[in-house]
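Okay, everyone, thanks for coming. Could we get the model up on the screen before I start talking?

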Amino acid sequence: MNYNLAYPFYLHSIKRPDNPALWVDGATYSYRELAEQACRIAVWLQQVTNSKPKRVAILAHREIAAYRAILGTCWSGACYVPLNPHFPDQRLATIITLANPDALIVDRQMLERLTPELLSDFTGPILIADGDSVCCQGQAYDSFDLLPAPDDITSPALVNATAEAYLIFTSGSTGTPNGVAVSTGSLDFSIRVISHHYPFVEADRFSQFFDLSFDFSVMDLFVPWLAGAITYVVPDTQKLAPGRFIVDHQLTVWTCVPSQITNMAQMKLLKSGLFPSLRYSFFSGEMLTEEAARLWQDAATNGSLVNLYGQCETIIASLAHNYAPDAAGNDEKRSVALGTQLDGILVAIVNKEGAFVHPGEKGEIAISGPHVAAGYLDNPQRTVVKFRNLEHPVYGVLPWYITGDLGLQDSNGVFHFLGRADNELKVKGHRVLLEEVEHYLRQCSDCQVVAVHPCLSPAGTPEALVGFVVGGTIDEKIVKGCLREVLPDRWSTFTVSAKRSLPVWH
(Lines give C-alpha, C1' and ligand atoms only; values in the text may rest on other atoms or scores of the structure.)
Protein backbone atom coordinates (compact mmCIF):
# COMPACT_ATOMS: atom_id res chain seq x y z
CA MET A 1 0.00 0.00 0.00
CA ASN A 2 1.39 3.39 -1.00
CA TYR A 3 1.17 6.35 1.35
CA ASN A 4 2.81 9.63 2.38
CA LEU A 5 3.21 10.96 5.93
CA ALA A 6 2.22 14.41 4.69
CA TYR A 7 -1.09 13.17 3.28
CA PRO A 8 -3.19 13.94 6.40
CA PHE A 9 -1.73 17.45 6.39
CA TYR A 10 -2.68 17.79 2.72
CA LEU A 11 -6.28 16.77 3.46
CA HIS A 12 -6.54 19.32 6.27
CA SER A 13 -5.16 22.02 3.94
CA ILE A 14 -8.14 21.36 1.64
CA LYS A 15 -10.91 20.77 4.19
CA ARG A 16 -9.76 23.24 6.87
CA PRO A 17 -7.34 25.58 5.08
CA ASP A 18 -7.53 28.40 7.62
CA ASN A 19 -7.03 26.25 10.72
CA PRO A 20 -3.70 26.90 12.47
CA ALA A 21 -1.09 24.18 11.99
CA LEU A 22 2.08 25.65 13.51
CA TRP A 23 3.16 28.40 15.88
CA VAL A 24 6.86 29.21 15.75
CA ASP A 25 8.90 32.26 16.67
CA GLY A 26 5.80 34.39 17.33
CA ALA A 27 4.05 33.62 14.03
CA THR A 28 1.13 31.30 13.29
CA TYR A 29 0.88 29.37 10.00
CA SER A 30 -2.35 27.85 8.72
CA TYR A 31 -2.62 24.45 7.10
CA ARG A 32 -3.01 26.15 3.73
CA GLU A 33 0.03 28.39 4.18
CA LEU A 34 2.33 25.62 5.36
CA ALA A 35 1.09 23.21 2.68
CA GLU A 36 1.87 25.79 0.00
CA GLN A 37 5.37 26.25 1.42
CA ALA A 38 5.92 22.50 1.59
CA CYS A 39 4.80 22.16 -2.03
CA ARG A 40 7.38 24.70 -3.17
CA ILE A 41 10.16 22.76 -1.49
CA ALA A 42 8.84 19.42 -2.78
CA VAL A 43 8.83 20.72 -6.37
CA TRP A 44 12.41 22.01 -5.93
CA LEU A 45 13.57 18.65 -4.59
CA GLN A 46 11.99 16.78 -7.46
CA GLN A 47 13.53 19.15 -9.99
CA VAL A 48 17.09 18.98 -8.63
CA THR A 49 16.99 15.17 -8.29
CA ASN A 50 15.25 14.30 -11.56
CA SER A 51 12.03 13.46 -9.69
CA LYS A 52 13.74 10.89 -7.48
CA PRO A 53 14.69 12.47 -4.16
CA LYS A 54 15.76 9.78 -1.70
CA ARG A 55 17.28 11.48 1.36
CA VAL A 56 17.36 15.15 2.31
CA ALA A 57 19.51 16.44 5.16
CA ILE A 58 18.05 19.38 7.12
CA LEU A 59 20.27 21.72 9.13
CA ALA A 60 17.81 24.10 10.78
CA HIS A 61 16.77 24.79 14.33
CA ARG A 62 13.35 25.72 15.74
CA GLU A 63 12.60 28.20 12.95
CA ILE A 64 9.93 28.07 10.27
CA ALA A 65 12.62 26.91 7.84
CA ALA A 66 13.00 23.63 9.73
CA TYR A 67 9.31 22.75 9.66
CA ARG A 68 8.61 23.68 6.06
CA ALA A 69 11.72 21.68 5.14
CA ILE A 70 10.57 18.56 7.00
CA LEU A 71 7.07 18.75 5.58
CA GLY A 72 8.33 19.57 2.08
CA THR A 73 10.76 16.65 2.15
CA CYS A 74 7.98 14.26 3.15
CA TRP A 75 5.74 15.83 0.50
CA SER A 76 8.32 15.05 -2.17
CA GLY A 77 8.45 11.39 -1.18
CA ALA A 78 11.94 11.63 0.29
CA CYS A 79 13.38 10.71 3.68
CA TYR A 80 14.41 13.58 5.94
CA VAL A 81 17.66 13.49 7.93
CA PRO A 82 17.63 16.01 10.80
CA LEU A 83 21.04 17.46 11.64
CA ASN A 84 21.43 18.87 15.15
CA PRO A 85 22.96 22.37 14.99
CA HIS A 86 24.40 21.81 18.47
CA PHE A 87 26.68 19.08 17.11
CA PRO A 88 30.26 20.05 16.17
CA ASP A 89 31.20 20.22 12.50
CA GLN A 90 33.19 16.99 12.56
CA ARG A 91 30.23 15.00 13.89
CA LEU A 92 27.82 16.60 11.42
CA ALA A 93 30.24 15.88 8.56
CA THR A 94 30.36 12.22 9.62
CA ILE A 95 26.55 12.01 9.69
CA ILE A 96 26.28 13.64 6.26
CA THR A 97 28.79 11.15 4.88
CA LEU A 98 26.91 8.20 6.38
CA ALA A 99 23.49 9.46 5.26
CA ASN A 100 24.66 10.33 1.73
CA PRO A 101 21.77 12.77 1.12
CA ASP A 102 20.69 13.93 -2.33
CA ALA A 103 20.13 17.49 -1.14
CA LEU A 104 20.70 19.75 1.86
CA ILE A 105 18.25 22.29 3.26
CA VAL A 106 19.46 24.87 5.79
CA ASP A 107 18.13 27.99 7.45
CA ARG A 108 19.89 31.32 7.06
CA GLN A 109 21.47 31.30 10.50
CA MET A 110 23.24 28.02 9.63
CA LEU A 111 24.98 29.43 6.55
CA GLU A 112 28.24 29.98 8.40
CA ARG A 113 28.31 26.26 9.21
CA LEU A 114 28.59 25.36 5.50
CA THR A 115 32.36 25.09 5.56
CA PRO A 116 34.46 22.92 3.24
CA GLU A 117 35.07 20.61 6.21
CA LEU A 118 31.36 20.12 6.85
CA LEU A 119 30.62 19.57 3.15
CA SER A 120 33.73 17.50 2.42
CA ASP A 121 31.67 14.55 1.10
CA PHE A 122 28.62 16.45 -0.12
CA THR A 123 28.31 17.88 -3.62
CA GLY A 124 24.54 18.04 -4.03
CA PRO A 125 22.19 21.04 -4.27
CA ILE A 126 21.61 23.28 -1.25
CA LEU A 127 18.48 25.29 -0.48
CA ILE A 128 18.25 28.18 1.99
CA ALA A 129 14.77 27.59 3.42
CA ASP A 130 14.24 31.16 4.65
CA GLY A 131 15.22 34.30 2.79
CA ASP A 132 16.09 35.39 -0.70
CA SER A 133 19.15 34.79 -2.87
CA VAL A 134 22.36 34.45 -0.93
CA CYS A 135 26.03 33.88 -1.61
CA CYS A 136 28.20 32.44 1.14
CA GLN A 137 31.93 31.70 0.96
CA GLY A 138 31.82 32.31 -2.76
CA GLN A 139 29.02 29.79 -3.33
CA ALA A 140 25.54 30.78 -4.50
CA TYR A 141 22.63 28.76 -3.12
CA ASP A 142 19.03 28.34 -4.14
CA SER A 143 16.60 30.26 -1.98
CA PHE A 144 13.09 29.45 -0.80
CA ASP A 145 11.82 33.00 -1.38
CA LEU A 146 12.75 32.75 -5.06
CA LEU A 147 11.02 29.42 -5.63
CA PRO A 148 7.86 29.83 -7.71
CA ALA A 149 4.61 29.43 -5.82
CA PRO A 150 2.57 26.48 -7.12
CA ASP A 151 -0.63 27.21 -9.03
CA ASP A 152 -2.35 24.81 -6.68
CA ILE A 153 -1.39 22.55 -3.80
CA THR A 154 -0.66 19.16 -5.29
CA SER A 155 -1.07 15.87 -3.49
CA PRO A 156 2.07 14.49 -1.77
CA ALA A 157 4.01 11.89 -3.75
CA LEU A 158 2.95 8.42 -2.68
CA VAL A 159 5.68 5.99 -1.64
CA ASN A 160 5.82 2.35 -0.63
CA ALA A 161 5.40 1.52 3.05
CA THR A 162 8.99 0.25 3.14
CA ALA A 163 10.40 3.55 1.88
CA GLU A 164 12.48 5.47 4.41
CA ALA A 165 10.60 8.25 6.21
CA TYR A 166 13.37 9.64 8.33
CA LEU A 167 16.91 8.75 9.33
CA ILE A 168 18.22 9.47 12.81
CA PHE A 169 21.66 8.91 14.33
CA THR A 170 22.49 7.74 17.85
CA SER A 171 25.65 7.24 19.88
CA GLY A 172 28.08 4.57 18.60
CA SER A 173 30.66 2.61 20.59
CA THR A 174 33.45 3.12 18.04
CA GLY A 175 32.95 6.86 17.77
CA THR A 176 30.85 6.54 14.61
CA PRO A 177 27.13 7.33 15.12
CA ASN A 178 24.62 4.56 14.46
CA GLY A 179 22.01 5.36 11.83
CA VAL A 180 18.42 4.16 12.26
CA ALA A 181 16.17 4.44 9.21
CA VAL A 182 12.45 4.38 10.04
CA SER A 183 10.12 3.36 7.23
CA THR A 184 7.00 5.23 6.18
CA GLY A 185 4.84 2.29 7.19
CA SER A 186 6.44 1.98 10.63
CA LEU A 187 6.09 5.67 11.42
CA ASP A 188 2.51 5.81 10.13
CA PHE A 189 1.66 2.79 12.28
CA SER A 190 3.07 4.42 15.41
CA ILE A 191 1.35 7.74 14.77
CA ARG A 192 -2.02 6.06 14.35
CA VAL A 193 -1.58 3.71 17.33
CA ILE A 194 -0.81 6.53 19.76
CA SER A 195 -3.58 8.66 18.24
CA HIS A 196 -6.08 5.83 18.69
CA HIS A 197 -5.00 5.15 22.26
CA TYR A 198 -5.27 8.82 23.22
CA PRO A 199 -8.11 10.49 21.27
CA PHE A 200 -6.66 13.84 20.25
CA VAL A 201 -8.94 16.43 18.67
CA GLU A 202 -8.68 19.35 16.29
CA ALA A 203 -8.86 21.85 19.17
CA ASP A 204 -5.77 20.42 20.90
CA ARG A 205 -2.64 22.54 21.28
CA PHE A 206 0.52 20.43 21.23
CA SER A 207 4.01 21.38 22.36
CA GLN A 208 7.10 20.88 20.21
CA PHE A 209 9.82 20.55 22.84
CA PHE A 210 12.27 17.97 21.54
CA ASP A 211 15.19 18.70 19.21
CA LEU A 212 14.30 17.57 15.69
CA SER A 213 17.18 15.08 15.79
CA PHE A 214 15.56 13.48 18.86
CA ASP A 215 13.32 10.58 17.82
CA PHE A 216 10.33 11.64 19.95
CA SER A 217 10.03 14.87 17.94
CA VAL A 218 7.98 12.98 15.34
CA MET A 219 5.15 12.80 17.88
CA ASP A 220 5.33 16.59 18.34
CA LEU A 221 4.66 17.06 14.62
CA PHE A 222 2.87 14.21 12.89
CA VAL A 223 0.44 13.33 15.68
CA PRO A 224 -1.11 16.83 15.89
CA TRP A 225 -1.08 17.11 12.11
CA LEU A 226 -3.03 13.85 11.85
CA ALA A 227 -5.66 15.30 14.19
CA GLY A 228 -5.76 18.66 12.42
CA ALA A 229 -4.44 20.37 15.55
CA ILE A 230 -1.71 22.98 16.05
CA THR A 231 1.78 22.47 17.45
CA TYR A 232 3.61 25.22 19.35
CA VAL A 233 7.40 25.29 19.07
CA VAL A 234 8.93 26.02 22.46
CA PRO A 235 11.69 28.64 21.98
CA ASP A 236 15.18 27.75 23.17
CA THR A 237 15.00 30.61 25.66
CA GLN A 238 12.01 28.98 27.37
CA LYS A 239 12.94 25.29 27.29
CA LEU A 240 14.62 25.35 30.70
CA ALA A 241 11.56 26.92 32.32
CA PRO A 242 8.59 26.30 29.99
CA GLY A 243 5.82 26.87 32.53
CA ARG A 244 4.97 30.36 31.33
CA PHE A 245 4.87 29.10 27.73
CA ILE A 246 2.38 26.36 28.64
CA VAL A 247 0.15 28.86 30.44
CA ASP A 248 0.37 31.66 27.87
CA HIS A 249 -0.57 29.37 24.96
CA GLN A 250 -3.04 27.25 26.94
CA LEU A 251 -1.42 24.04 25.72
CA THR A 252 -3.47 20.87 26.04
CA VAL A 253 -0.81 18.27 25.12
CA TRP A 254 2.71 18.45 26.54
CA THR A 255 5.67 16.22 25.61
CA CYS A 256 9.00 16.37 27.40
CA VAL A 257 11.83 14.47 29.12
CA PRO A 258 11.27 13.66 32.81
CA SER A 259 14.41 15.51 33.94
CA GLN A 260 12.66 18.75 32.98
CA ILE A 261 10.30 18.25 35.92
CA THR A 262 13.24 18.09 38.30
CA ASN A 263 14.78 21.22 36.77
CA MET A 264 11.57 23.20 37.21
CA ALA A 265 11.06 21.91 40.76
CA GLN A 266 14.59 22.93 41.73
CA MET A 267 13.88 26.43 40.43
CA LYS A 268 10.59 26.42 42.39
CA LEU A 269 8.59 26.85 39.18
CA LEU A 270 5.98 24.17 39.89
CA LYS A 271 2.93 24.72 42.03
CA SER A 272 -0.41 23.00 42.48
CA GLY A 273 -2.91 23.62 39.69
CA LEU A 274 -0.41 25.60 37.58
CA PHE A 275 -1.43 23.97 34.27
CA PRO A 276 -5.24 23.65 34.18
CA SER A 277 -5.36 23.51 30.36
CA LEU A 278 -3.28 20.31 30.00
CA ARG A 279 -5.27 17.23 28.98
CA TYR A 280 -2.24 14.99 28.48
CA SER A 281 1.37 15.24 29.63
CA PHE A 282 3.63 12.69 27.92
CA PHE A 283 7.10 11.97 29.29
CA SER A 284 9.67 9.84 27.51
CA GLY A 285 13.39 9.49 26.88
CA GLU A 286 14.54 8.54 30.39
CA MET A 287 13.31 7.06 33.66
CA LEU A 288 10.34 8.87 35.22
CA THR A 289 10.65 8.87 39.00
CA GLU A 290 7.67 8.66 41.34
CA GLU A 291 8.62 11.99 42.91
CA ALA A 292 8.80 13.80 39.55
CA ALA A 293 5.46 12.31 38.46
CA ARG A 294 3.80 13.40 41.68
CA LEU A 295 5.07 16.97 41.31
CA TRP A 296 3.87 17.27 37.71
CA GLN A 297 0.49 15.65 38.33
CA ASP A 298 -0.10 18.13 41.14
CA ALA A 299 0.61 20.97 38.70
CA ALA A 300 -1.58 19.48 35.94
CA THR A 301 -4.49 18.26 38.03
CA ASN A 302 -7.03 18.31 35.18
CA GLY A 303 -5.08 16.02 32.89
CA SER A 304 -3.47 12.60 32.56
CA LEU A 305 0.27 12.06 33.05
CA VAL A 306 1.54 9.33 30.72
CA ASN A 307 4.88 7.56 30.86
CA LEU A 308 5.79 6.42 27.33
CA TYR A 309 8.47 3.83 26.68
CA GLY A 310 10.13 3.67 23.29
CA GLN A 311 13.40 3.95 21.38
CA CYS A 312 14.37 5.37 18.02
CA GLU A 313 14.51 1.73 16.84
CA THR A 314 10.86 1.30 17.96
CA ILE A 315 9.43 4.65 17.00
CA ILE A 316 7.43 6.78 19.48
CA ALA A 317 6.30 4.16 22.00
CA SER A 318 5.74 0.46 22.66
CA LEU A 319 4.47 0.75 26.23
CA ALA A 320 2.30 3.37 27.93
CA HIS A 321 1.35 3.90 31.54
CA ASN A 322 -1.20 6.36 32.89
CA TYR A 323 0.24 7.53 36.18
CA ALA A 324 -1.84 7.36 39.36
CA PRO A 325 -0.33 8.21 42.77
CA ASP A 326 -1.67 5.01 44.33
CA ALA A 327 -0.63 2.74 41.45
CA ALA A 328 2.12 0.16 41.93
CA GLY A 329 5.44 1.48 40.70
CA ASN A 330 8.92 0.06 40.77
CA ASP A 331 10.06 0.08 44.40
CA GLU A 332 13.57 -1.03 43.43
CA LYS A 333 14.12 2.04 41.23
CA ARG A 334 11.49 4.38 42.75
CA SER A 335 10.24 4.86 39.21
CA VAL A 336 6.88 4.93 37.47
CA ALA A 337 5.96 1.72 35.65
CA LEU A 338 6.65 1.50 31.92
CA GLY A 339 3.12 0.26 31.41
CA THR A 340 1.36 -2.13 29.08
CA GLN A 341 1.64 -2.81 25.36
CA LEU A 342 0.01 -0.52 22.85
CA ASP A 343 -2.26 -2.09 20.21
CA GLY A 344 -0.51 -4.31 17.68
CA ILE A 345 2.79 -4.34 19.60
CA LEU A 346 4.43 -7.23 21.44
CA VAL A 347 6.73 -6.69 24.42
CA ALA A 348 8.39 -9.49 26.35
CA ILE A 349 11.26 -10.28 28.70
CA VAL A 350 14.08 -12.53 27.45
CA ASN A 351 17.08 -14.05 29.20
CA LYS A 352 20.71 -13.98 28.02
CA GLU A 353 20.07 -16.97 25.76
CA GLY A 354 17.16 -15.22 24.03
CA ALA A 355 14.50 -17.41 25.67
CA PHE A 356 11.27 -15.81 26.86
CA VAL A 357 10.78 -15.81 30.64
CA HIS A 358 7.66 -15.87 32.82
CA PRO A 359 6.03 -12.88 34.54
CA GLY A 360 7.94 -11.87 37.66
CA GLU A 361 11.30 -12.99 36.22
CA LYS A 362 13.92 -10.39 35.38
CA GLY A 363 15.56 -10.13 31.99
CA GLU A 364 16.02 -7.90 28.97
CA ILE A 365 13.08 -6.09 27.36
CA ALA A 366 12.42 -7.19 23.77
CA ILE A 367 9.97 -5.59 21.33
CA SER A 368 8.28 -6.79 18.16
CA GLY A 369 5.78 -5.10 15.87
CA PRO A 370 5.27 -3.07 12.68
CA HIS A 371 6.97 -0.05 14.30
CA VAL A 372 10.35 -1.78 14.71
CA ALA A 373 13.16 -0.64 12.40
CA ALA A 374 14.88 -3.15 10.14
CA GLY A 375 18.34 -2.51 11.57
CA TYR A 376 21.22 -0.05 11.57
CA LEU A 377 22.41 1.80 8.51
CA ASP A 378 25.40 -0.01 6.92
CA ASN A 379 26.17 -1.74 10.23
CA PRO A 380 25.34 -5.44 9.87
CA GLN A 381 27.44 -6.43 12.89
CA ARG A 382 25.40 -4.35 15.35
CA THR A 383 22.16 -5.18 13.52
CA VAL A 384 22.69 -8.90 14.09
CA VAL A 385 23.21 -8.31 17.82
CA LYS A 386 20.22 -6.04 18.41
CA PHE A 387 17.65 -7.31 15.87
CA ARG A 388 16.99 -11.04 16.16
CA ASN A 389 14.47 -13.63 15.05
CA LEU A 390 13.25 -15.34 18.22
CA GLU A 391 10.68 -18.09 18.69
CA HIS A 392 7.92 -17.00 21.02
CA PRO A 393 5.95 -19.83 22.70
CA VAL A 394 2.63 -18.32 21.55
CA TYR A 395 3.37 -16.24 18.43
CA GLY A 396 6.10 -18.34 16.86
CA VAL A 397 9.20 -16.94 15.17
CA LEU A 398 9.15 -13.15 14.89
CA PRO A 399 11.74 -10.38 14.50
CA TRP A 400 12.51 -8.73 17.87
CA TYR A 401 14.51 -5.67 18.86
CA ILE A 402 16.61 -6.36 21.97
CA THR A 403 16.57 -3.06 23.83
CA GLY A 404 19.37 -3.50 26.35
CA ASP A 405 16.96 -2.37 29.07
CA LEU A 406 16.52 -4.72 32.01
CA GLY A 407 13.00 -5.20 33.28
CA LEU A 408 10.23 -7.52 34.34
CA GLN A 409 6.54 -8.00 33.70
CA ASP A 410 4.42 -8.27 36.82
CA SER A 411 1.41 -10.51 37.35
CA ASN A 412 -0.90 -7.79 36.02
CA GLY A 413 0.96 -7.58 32.71
CA VAL A 414 2.64 -4.27 33.57
CA PHE A 415 6.30 -3.81 32.61
CA HIS A 416 8.89 -2.20 34.91
CA PHE A 417 12.36 -0.76 34.21
CA LEU A 418 15.30 -2.18 36.21
CA GLY A 419 18.35 -0.57 34.58
CA ARG A 420 20.64 -1.39 31.66
CA ALA A 421 22.34 -4.57 30.53
CA ASP A 422 25.11 -2.60 28.81
CA ASN A 423 26.90 0.74 29.03
CA GLU A 424 24.22 2.83 27.35
CA LEU A 425 22.69 5.67 29.36
CA LYS A 426 20.06 8.34 28.96
CA VAL A 427 21.54 11.61 30.23
CA LYS A 428 18.92 14.36 30.20
CA GLY A 429 17.11 12.41 27.50
CA HIS A 430 20.13 11.93 25.24
CA ARG A 431 21.23 8.39 24.43
CA VAL A 432 24.91 7.95 25.23
CA LEU A 433 27.16 4.92 24.92
CA LEU A 434 29.94 5.20 27.47
CA GLU A 435 32.26 3.45 25.02
CA GLU A 436 31.90 6.35 22.58
CA VAL A 437 32.91 8.92 25.18
CA GLU A 438 35.81 6.70 26.26
CA HIS A 439 36.87 6.31 22.61
CA TYR A 440 37.25 10.06 22.17
CA LEU A 441 38.69 10.56 25.65
CA ARG A 442 41.53 8.18 24.72
CA GLN A 443 42.16 10.10 21.52
CA CYS A 444 42.04 13.53 23.13
CA SER A 445 44.12 12.68 26.20
CA ASP A 446 46.55 10.34 24.42
CA CYS A 447 45.98 7.91 27.29
CA GLN A 448 44.81 4.34 26.82
CA VAL A 449 43.63 3.77 30.39
CA VAL A 450 40.40 5.73 30.73
CA ALA A 451 36.96 5.13 32.16
CA VAL A 452 33.68 7.05 32.07
CA HIS A 453 30.98 6.63 34.70
CA PRO A 454 27.64 8.32 35.38
CA CYS A 455 26.96 10.70 38.23
CA LEU A 456 23.55 9.81 39.64
CA SER A 457 20.96 12.11 41.14
CA PRO A 458 19.40 11.23 44.51
CA ALA A 459 16.60 9.60 42.53
CA GLY A 460 19.09 7.39 40.70
CA THR A 461 18.95 9.01 37.26
CA PRO A 462 22.18 9.95 35.40
CA GLU A 463 22.80 13.71 35.54
CA ALA A 464 26.37 13.88 34.23
CA LEU A 465 29.29 11.76 33.12
CA VAL A 466 32.68 11.73 34.80
CA GLY A 467 35.78 10.46 33.04
CA PHE A 468 38.91 9.07 34.69
CA VAL A 469 42.28 9.29 32.95
CA VAL A 470 45.36 7.41 34.23
CA GLY A 471 48.89 8.25 33.17
CA GLY A 472 50.26 10.67 30.62
CA THR A 473 50.58 14.43 30.69
CA ILE A 474 47.24 16.15 30.21
CA ASP A 475 46.80 19.68 28.96
CA GLU A 476 43.35 20.79 30.06
CA LYS A 477 42.78 23.26 27.22
CA ILE A 478 43.87 20.80 24.54
CA VAL A 479 41.68 17.94 25.80
CA LYS A 480 38.72 20.23 26.35
CA GLY A 481 38.99 21.68 22.85
CA CYS A 482 39.47 18.27 21.29
CA LEU A 483 36.37 16.78 22.90
CA ARG A 484 34.26 19.75 21.86
CA GLU A 485 35.28 19.15 18.24
CA VAL A 486 33.93 15.61 18.17
CA LEU A 487 31.12 15.43 20.76
CA PRO A 488 27.93 17.49 21.14
CA ASP A 489 28.29 20.66 23.17
CA ARG A 490 26.71 19.09 26.25
CA TRP A 491 29.53 16.53 26.28
CA SER A 492 32.12 19.16 27.20
CA THR A 493 34.96 19.05 29.74
CA PHE A 494 35.44 21.40 32.65
CA THR A 495 38.58 20.21 34.45
CA VAL A 496 41.31 17.87 33.28
CA SER A 497 44.06 16.28 35.33
CA ALA A 498 45.90 12.97 35.31
CA LYS A 499 44.63 10.31 37.74
CA ARG A 500 41.67 12.50 38.64
CA SER A 501 38.03 12.71 37.66
CA LEU A 502 37.22 14.47 34.42
CA PRO A 503 33.64 15.78 33.92
CA VAL A 504 32.80 15.15 30.28
CA TRP A 505 29.08 15.89 30.20
CA HIS A 506 27.05 18.07 32.50
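This is a predicted model: local features need pLDDT of at least 70, side-chain atom pairs count only at pLDDT 80 or more; totals for chains, interfaces and linings use all residues.

Residues are numbered from 1 along each chain as its sequence is written, and side-chain values use heavy atoms, with hydrogens and water left out.

So, the chain has 13 helices and 29 strands; those are DSSP runs, H or I of at least four residues for helices, E of at least two for strands, numbered from the N terminus. Of its 506 residues, 59% are buried, and buried means under 20% relative accessible area with a 1.4 Å probe, protein chains only.

Now the helix pair. How do H5 and H6 cross? Their axes come within 10 Å, at roughly 70°; the axes are lines fitted to C-alpha atoms over the stretch in contact, with angles from 0 to 180 degrees between N-to-C directions. The two helices are therefore roughly perpendicular, a label for 65 to 115 degrees. On the H5 side you've got Leu187, Ile191, Arg192, Ile194 and Ser195, meeting Val218, Met219, Phe222, Val223 and Leu226 of H6; contact here is heavy atoms within 4.5 Å. By class that's eight nonpolar, one polar and one charged residues.

H6 itself, residues 217-227, is mostly covered, with nine of its 11 residues buried, Asp220 and Trp225 among them. After H6 comes glycine 228, with a positive phi near 80°.

Back in H5, which spans residues 184-197, sits serine 186. Is serine 186 buried or exposed? It counts as buried, because its relative accessibility is 7%. Its side chain makes a polar contact with the side chain of serine 183 at 2.9 Å; that's an N or O pair within 3.5 Å, one able to donate a hydrogen and the other to accept it, and residues adjacent in sequence count only if both atoms are side-chain atoms. Beyond four places in sequence, serine 186 touches Ile315, Pro370, His371 and Val372.

Last one: asparagine 307, in strand S17, residues 304-311. Asparagine 307 is buried too, at 4% relative accessible area. A polar atom of its side chain lies 3.0 Å from the backbone oxygen of alanine 337. Its contacts beyond four places include Phe283, Leu288 and His321. With leucine 288, 19 residues away along the chain, the C-alpha separation is 7.1 Å.

Definitions and conventions
Buried means under 20% relative accessible area, exposed over 50%, partly exposed in between (1.4 Å probe, protein chains only). Angles under 35 degrees count as roughly parallel, over 145 as roughly antiparallel, 65 to 115 as roughly perpendicular and the rest as oblique. Ala, Val, Leu, Ile, Met, Phe, Trp, Tyr, Cys and Pro count as nonpolar, Asp, Glu, Lys and Arg as charged, and the others, Gly among them, as polar.
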